[in-house]
Amino acid sequence: MTVILWLALQILVWGVLALLTAIVLLAALPLRIALTGEAGAVARLRVTIGLMGGMAPGLVVYDSARPRKPRKKKARKKPKRRKGRTGKGSVRLAGEFPVLLRGLLRQIRFEEFRLQGRFGLGDPADTGTVFGMLSPILYGLHARRGVTIALAPDFDTACLDGQLRAALRITPITLLPPILRFVWRVFGPMR
């Protein structure tokens, strides 16, 4: 009887180790996230995720053209009042959040960004002001590889139409160090 239990325990331990190894290997594979969107008479947004850096077929995560399932309405309960987090912990959280965001953004690689379209606010002065504010960004990003922006102002009518295509690459396991660093700095021992 003890031999059978010992064998079952070994099978369980090896199964858990194999599962953990598979999870780590999947987290080490890059993901390719692609966004395609259109604005105009009909607005549409589609987000796909491709495993192995896009080598595997993409999985559609969100598509605004899909019909939505009707939700069943639930009886609304009166929300409980939560006490806000105050004190030194919330100040540490607010102070470390930009560092976390910067660390996460460093791990994201943009492969492609294409924006083509036109916009107008109805008033030529407002359209010119907005286009003037956007111009340094629009023309400054042209120097980057994989970035194509063709955004034209329309001074006659109020409009917004165009196409967007963006693709970025993320390796999930590389997001772990900035997250752990953030958790340690916010919730770790007090200094």
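Student: Where in the chain is methionine 52?
Tutor: First, the ground rules: this is a predicted model, in which local features need pLDDT of at least 70 and side-chain atom pairs count only at pLDDT 80 or more, while totals for chains, interfaces and linings use all residues. Numbering runs from 1 along each chain as its sequence is written, and side-chain values use heavy atoms, leaving out hydrogens and water. Helices (H or I, at least four residues) and strands (E, at least two) are DSSP runs, numbered from the N terminus. On that basis, methionine 52 falls in the loop between strand 2 (44-50) and strand 3 (59-63).

Student: Which residues does methionine 52 touch, leaving out those up to four places away in sequence?
Tutor: Start with its surface: a relative accessible area of 44% makes methionine 52 partly exposed, since buried means under 20%, exposed over 50% and partly exposed in between (1.4 Å probe, protein chains only). With contact taken as heavy atoms within 4.5 Å, methionine 52 touches Leu29 and Pro30.

Student: Are the rings of phenylalanine 119 and phenylalanine 131 stacked, edge-to-face or tilted?
Tutor: Rings of Phe, Tyr and Trp (its six-membered ring) pair if their centres lie within 6.5 Å; planes under 30 degrees apart are stacked, over 60 edge-to-face, and the rest tilted. That rule gives one aromatic pair. Phenylalanine 119 and phenylalanine 131 have centres 6.4 Å apart and planes at 35 degrees, so the pair is tilted.

Student: Which elements does that pair link?
Tutor: Both partners are buried, phenylalanine 119 at 8% relative accessibility and phenylalanine 131 at 17%. They are 12 residues apart and link distant parts of the chain. Phenylalanine 119 is in strand 4 (residues 109-121) and phenylalanine 131 is in helix 3 (residues 124-140).

Student: How far is the side chain of serine 135 from the backbone oxygen of phenylalanine 131?
Tutor: Serine 135 belongs to helix 3 and is buried, with a relative accessible area of 16%. A polar contact is a pair of N or O atoms within 3.5 Å; within protein, one must be able to donate a hydrogen and the other to accept it, and residues adjacent in sequence count only if both atoms are side-chain atoms. Here the side chain of serine 135 reaches the backbone oxygen of phenylalanine 131 at 2.7 Å.

Student: What is the distance from a side-chain polar atom of threonine 127 to the backbone nitrogen of leucine 121?
Tutor: Threonine 127 is another helix 3 residue, buried with a relative accessible area of 0%. Beyond four places in sequence, its contacts include Phe119, Pro153 and Phe155. The gap from its side chain to the backbone nitrogen of leucine 121 is 3.0 Å.

Student: Which element gives the most residues to the lining of the largest pocket?
Tutor: On a 1 Å grid over the protein atoms alone, a cavity is a set of points where a 1.4 Å probe fits but cannot get out, and a pocket is an open set with protein on both sides within 12 Å along at least five of seven lines; lining residues have an atom within 4 Å of a point. The largest pocket holds about 300 Å³, the volume being the space filled by probe spheres set on the points, which are joined across faces, edges and corners. Its lining has 11 residues, with Phe110, Phe113, Arg144, Arg145 and Val147 nearest the centre. Five lining residues come from the top contributor, strand 4.
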